[in-house]
Amino acid sequence: MRYSGFKVIKEALTGHRGWGPAWRDAAPQSSYDYVIIGGGGHGLATAYYLAKEFKQARIAVLEKGWIGGGNVGRNTTIIRSNYLLDGNEPFYEFSLKLWEGLEQDLNYNAMVSQRGILNLIHTDAQRDAFIRRGNAMMLNGADADLLTTAQIVARYPFLNVNDARFPIKGGLAQHRGGTVRHDAVAWGYARAADQRGVDIIQNCEVTGFRIENGTCIGVETSRGFIGAKKVGACVAGSSSRLMSHAGMRLPIESHVLQAFVSEGLKPVLPGVITFGAGHFYCSQSDKGGLVFGGDIDGYNSYAQRGNLPVVEDVCEGGMAIFPMIGRARLLRMWGGIMDMSMDGSPIIDRTHIGGLYFNGGWCYGGFKATPASGFAYAHLLATDKPHPTATAYRFDRFAKGLMIDEKGMGNQPNLH
Amino acid sequence: MLINHPLLGPRDASEFVYKGDAALINRPDPDAPDALEQFIDYGYLRDNPAGAHRELWFHEQGDRSWLVVTRNTLTHEITSVELARDVARREGRSK
């Protein structure tokens, strides 16, 4: 079934009886060419691009719960490509370009809204750093715009530009950045993949890998053994748990990141604003809630819930820069588990086991990367070569000293 | 989260700085024939378990001691707290 304005009107006039399920509830077959572990945004995107761009068939996505119940449903929905380093920026710009065409490609309304993102500047040194970043972005075909304080005040009159500790001295804007309806990304990819014959198998937990003579020939699951020519792990947040079944230790720690939404308000906040110095970033959802977040809690966690000191810290950051939010009540807060890698950048690579591939280590930047991650992972799975924009995301970069460390923090995952 | 400091009693976790897996106490021998591989493991690979995890916390806003805390990463329940100094000596470091 194709969605269209005509279809919406027709269904409205006929009592909405013609809508079918958006994807099949598939039962596992005994074997596939490709088994993707993890029915999140990245896993579903991988299956979709494998089928569509690389013309592969016999693909399954295995999900231990329900699709889209992990980090693709727990983030702050921001998309952007404002990175500095060569290993990252082309990849994220590729992702932003895929976002721009996503809804037409999937025939699904993912509410991609290029409302712009602004990073605030507070010191001369920070301005120099952001000018450099903006130049790096433009060299890679992205857009970047250095704004003065006057330009910022004209657009965001509610900002506290005279904060004693962090006065606003300007900002780096990326007008093509913005937000996307996060759940719709998972649903849109699931529906489009399903239409191309991908089996989406929910409530199917992978409990082990069957490895013979150094080659992975399938996975043990809660619904029996499933054979596969190629197995792609795609479970950021739980990567260490999954890959331990294959005897692998990863350059990753799992950490919890909290996010928050206020009660619904009138439109007050155009675009996304990041106040990096105060560990706070915020946008307003189409329902009116202010969606915001800050730093990770900072210790290993698989709990999907955080602790109160970070709640206080994030809200203090918000009050410092947007005093107007002080009377808005917090509606909900939640936590998601991040694969925090040793250099703050992801991994999309083969493993030392034949037929077993890995995608993870997304830190808290996985959502914006969803389309490019799926595309690049599909490229790797189908051709055994990394996608041109993802050649740096290798396992061996740590041993070789080729880290992609945007923040220059070293091998301390909770600082990235 | 409260950490029951062996010397100071229960202290709020926000007084501490988190370092990571307590296996970092066991720095490899730089003279070993496979020292390079061991240091790559030591620097970059982690067990990252879901469940009991022994980890290093530094009491930065307190007595500046290093602690080895055993904490469940699924529930945040803390089952043991020791001075890292005692653990390191017991494991044969700093003789």
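**A helix pair and a chain contact**

Helix α2(A) passes helix α6(A) in a left-handed crossing (the near helix is turned anticlockwise from the far one by less than a right angle). The model is predicted, so local features need pLDDT of at least 70 and side-chain atom pairs pLDDT 80 or more, while totals for chains, interfaces and linings use all residues. Residues are numbered from 1 along each chain as its sequence is written, and chains are lettered from A, ligands numbered from 1, in the order in which they are written.

In chain A, α2 spans residues 41-52 and α6 residues 182-195; their axes come within 9 Å and cross at roughly 30° (axes are lines fitted to C-alpha atoms over the stretch in contact, with angles from 0 to 180 degrees between N-to-C directions). Because of that angle, α2(A) is roughly parallel to α6(A) (under 35 degrees). From α2(A), the contact takes G41(A), L44(A), A45(A), A47(A), Y48(A) and A51(A); from α6(A) come V185(A), A186(A), Y189(A), A190(A), A192(A) and A193(A) (contact: C-beta atoms, placed from the backbone, within 7 Å). By class, the residues of this contact are eleven nonpolar, one polar and no charged (Ala, Val, Leu, Ile, Met, Phe, Trp, Tyr, Cys and Pro are nonpolar, Asp, Glu, Lys and Arg charged, the others, Gly among them, polar).

Chain A also meets chain B: 21 residues of chain A are in contact with 18 residues of chain B. On the chain A side, the elements giving two or more residues are α7 (239-244), β12 (252-264), β15 (289-300) and α10 (397-400) (DSSP runs, H or I of at least four residues for helices, E of at least two for strands, numbered from the N terminus). That side has ten nonpolar, eight polar and three charged residues.

Key. Angles under 35 degrees count as roughly parallel, over 145 as roughly antiparallel, 65 to 115 as roughly perpendicular and the rest as oblique. Two residues are in contact if their C-beta atoms, placed from the backbone, lie within 7 Å.
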